[in-house]
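This briefing is intended to be read alongside the sequence and the three-dimensional structure. Please keep both in view while working through the points that follow.

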Amino acid sequence: MTWSRRHVLATDDWSRDEIELVLQQSEAMLEVLARPMRRTPALRGRTVVLFFAEASTRTRISFELAAKALSADTSIITASGSSIEKGETLFDTVRTLEALGADIVVMRHGAAGAPYFVAERVSSAVINAGDGWHAHPTQGLLDALTLRTSLGALEGKRIVIVGDVLHSRVARSDIHTLVPLGARITLSGPATLMPSAWRCGQLPAGVAFEEDVDRALDGADAVIALRLQRERMDAGLLPSLREYALTWGLSEVRVARMRPGAPVLHPGPMNEGIEIEAAVAHGPRSLIERQVTNGVAVRMALLHLLSTTPGAPAARGGGEADRREGKEVAA
Amino acid sequence: MILEEVRRIEADGTERTTSVRIGSDMSPNVDGRGLLVLPGLIDLHAHLREPGYEESETVATGARAALRGGFTTVCAMANTMPAIDSPGLVAELAARGRDARAARVLPVAAITRGREGKQLADLVELAAAGAVAFSDDGDPVDDARLFRSALEYAHAARRPVMEHVQDRALSGRGVMHEGAVSAALGLPGIPAAAEESAVARDIAIAKLTGARLHLQHVSTAGALELVRHAKADGISVTCEVTPHHLALTDEWVGGSRAFVWEPMRGASPPQTPQKVEDDPQTPRGVPYDSATKVNPPLRTAADVRALWRGLADGTVDAIATDHAPHASFRKDVEYAEAAFGISGIETALAVLLMAVDAGMGELGAVVRALTSGPARVLDMRGPDDLIVVDPALEWTVTAGALASKGKNTPLLGRRLRGKVIAAVVEGEVRYRDETAMQGRAGPPGRIKGAEAIARR
Ligand SMILES: [Zn+2]
């Protein structure tokens, strides 16, 4: 398996081999992170621009740590305190990015598809760090890594995703990543927070919908709880947060319906007491802290892989020496 | 010039092989075999953007684009700035249309003042000034009581009301058809029900008033079924469909560039992952191309097939382009932020001819829906205009190939088959594709002359 992608926009068209490659490299990066000197020179002299048009401290810091651990130079463009607030268009930002001459642009944006817009127009490699409701590929990959470490091979495993699937890029990327690895997904949540096509039987391959969360959890191998945004209630999609917590929230009683020891994941930040009880979030099944560490490793793996893409801009200046160095890192 | 042995199709869809005089010049006869002569097409629905949005289109550029697309008559929608809601503006629009000396421009006036949906415009006066119909297109008239009054007044003015059918509470902030593709792309959807509930309301009000109601850009199987029933009940309702709703599907938002009759490799993600290289025959575009953003949105293949059935059984009265040109800055933004609309008046006929070739429908039915059908909606006699079409001529849709200022079409880069090579309006040849015509000239001596003209 050789890596040939220029961008990481979504994993919806990735092969199983590509996903496996990233997971393998991520495991190697975890070893780097376990060393006392958490740093390798793989991306020395390269520039990674973190373009965060939508606030997200956690994902941004995770990418920043990943880039620094690979010795890349980083600069940050955020929505607040920049010209984006003053009505600068995405097109203007594209020009700025191009002028900065970044090797890799990591972008978070509120509009689905924005990374495609940017990738079409800049010479840098683009990593999607979350676009609207569409995709959050590094989250999907880190969830796959986390689940695989806990469950072993995902072939035939049944994973439940509970909550606001309609507005969730995490749910979509989890589907894009876990299904090719052989897992089956059961979606559960209120019908108002489910894409209507998926609720009415037009589901992606490997995915099922079960409105009753208790039935969805019966015998499941793992569960991923999604964050519930308060504004969904104001939009008339939910009667109340209390009712949501009662009907869909992950309580200790509920998670006990799964296989013994079946793990609980959450992309964070959590609303404890709404989509997940504190006792579950911090209990023995929780892999939520593990997800954070794995996130850095997955992002390191992707930043590194993009710098090895043959003929790609992110690989420019990077000769054989760099690539050998990279191999060493991953070995 | 006389075209010999040309296939001529009439506004009723009948056809024969005959000789047709094109214009009054004395150039020698031309071999017309393989060409089509059609009555000048009538477009019930186009946005010419003037006044107010001249960066997107003007009456002159729009009327020229129309002519190149074979439309010798074009109805200009009123959603300009200011809206066409006064007799002076109607007269001014008509005058600019005459000055352009391209397609005949028929003004459609707004239903409500400023298209604000609050107070009726002076419909009787607007009709007297030359408005051929009333429409707040771009927006529906949300207030059902006001819409009832509009129909009553339009009846008195002997003009149809053309309604943009959309329940805006249901469509919400949607930007594409709500279905499997919007679910995969994570874009807010516009459900078919947003159109169907509006069609049901409007039909009920048409029945109540007995006025002439014309439903614009009907796009779903369910909406068409409602129209079919209304017609069977004798309600005075007509409807139009657009060429893009007859050829493209919501898969185009996900990056497909296959017409509905072409095999599509891979449904949209994540159902079947596809590789771009898979099939060079059906090119793929990029997902989230704002050129695919249009209102009503591109629907499913099942809806497209239902529209063709409606065309065959007469439920659909007209094919109208909803030509919606936009300056690039309104489209070069995030999908959710981009303006709705496709620039389509120059590609419409080619796409329809290709659909007919692929067996989607009958040529006669398509010609009727582009000529006698719309004439009936406007209650006017079809003009004597003619167009000449080379149905075998292939061309590539590029920004430069379009006369319209709006280059916003998802067909950019696609190769189409079928091109208008001449258009006659009011007895005057107002458009002629010299390059295409010269290859047709009869005796060898004339070909040299034609080349000389082409070189000039
Ligand atoms: Zn409209």
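In this predicted model, Trp308(B) is in contact with Leu246(B), Leu352(B), Ala355(B), Met360(B), Gly361(B) and Val366(B), leaving aside its neighbours within four places in sequence. Trp308(B) is also one of the residues that touch the most other members of the largest nonpolar core. The points below begin with the cores, continue with a pair of helices, and end with individual residues of chain B.

**Nonpolar cores**

- The largest nonpolar core has 101 residues.
- Besides Trp308(B), the residues that touch the most other members of this core are Phe134(B), Leu215(B), Phe259(B), Trp261(B), Ile319(B) and Leu416(B).
- Helix H10 of chain B, residues 348-357, supplies the largest share of this core, namely nine residues.
- There is a second, separate core of 65 residues, and among them are Ala72(A), Ala129(A), Leu147(A) and Trp198(A).
- As general background, nonpolar side chains tend to be buried together in soluble globular proteins.

**A pair of helices in chain A**

- Two packed helices are described by the angle between their axes and the distance between the axes.
- In chain A, the axes of helix H2 (residues 57-69) and helix H13 (residues 288-306) come within 8 Å and cross at roughly 55 degrees.
- Because of that angle, H2(A) is oblique to H13(A).
- The crossing of H2(A) with H13(A) is right-handed.
- On the H2(A) side, the residues that meet H13(A) are Arg58(A), Thr59(A), Ser62(A), Phe63(A), Leu65(A), Ala66(A), Ala67(A) and Ala69(A).
- Their partners in H13(A) are Val292(A), Gly295(A), Val296(A), Arg299(A), Met300(A) and Leu303(A).
- Sorted by class, this contact of H2(A) with H13(A) has nine nonpolar, three polar and two charged residues.

**Cis peptide bonds in chain B**

- Glu50(B) and Pro51(B) are joined by a cis peptide bond with omega of about 5 degrees.
- Pro51(B) lies in the loop between strand S5 (41-46) and helix H1 (59-68) of chain B.
- Another cis peptide bond joins Asn295(B) and Pro296(B), with omega of about -5 degrees.
- Pro296(B) lies in the loop between strand S13 (237-241) and helix H9 (301-313) of chain B.

**Positive phi values in chain B**

- His217(B) is not a glycine, yet it has a positive phi of about 30 degrees.
- The loop between strand S12 (213-216) and helix H8 (221-232) of chain B holds His217(B).
- With a relative accessible area of 1%, His217(B) is buried.
- Asp322(B), also a residue other than glycine, has a positive phi near 50 degrees.
- Asp322(B) is placed in the loop between strand S14 (318-319) and H10 of chain B.
- Asp322(B) counts as buried because its relative accessibility is 5%, which is under the 20% cut-off.

- Glu125(B) belongs to helix H3 (residues 123-128) of chain B.
- Is Glu125(B) buried, exposed or partly exposed? Its relative accessible area is 46%, so Glu125(B) is partly exposed.
- Glu125(B) and Pro87(B) are 38 residues apart in sequence, and their C-alpha atoms are 6.5 Å apart in space.
- Met437(B) belongs to helix H13 (residues 434-438) of chain B and is buried, with a relative accessible area of 4%.
- Leaving aside neighbours within four places in sequence, Met437(B) is in contact with Met1(B), Ile421(B), Ala422(B) and Arg432(B).
- Met437(B) and Val175(B) are 262 residues apart in sequence and 43 Å apart in space, C-alpha to C-alpha.

Technical notes: Residues numbered from 1 in each chain as written. Chains lettered and ligands numbered in written order. Predicted model: local features only at pLDDT ≥ 70, side-chain atom pairs only at ≥ 80, totals over all residues. Heavy atoms only, no water. Axes fitted to C-alpha atoms, helices over the stretch in contact; angles between N-to-C directions. Helix = DSSP H or I, 4+ residues; strand = E, 2+ residues; numbered from the N terminus. Parallel < 35°, antiparallel > 145°, perpendicular 65-115°, else oblique. Left-handed = near helix turned anticlockwise from the far one by under 90°. Contact = heavy atoms within 4.5 Å. Nonpolar A, V, L, I, M, F, W, Y, C, P; charged D, E, K, R; others polar. Core = buried A, V, L, I, M, F, W, Y, C linked by side-chain atoms within 4.5 Å. Buried < 20%, exposed > 50% of the residue type's maximum accessible area, 1.4 Å probe, protein only.
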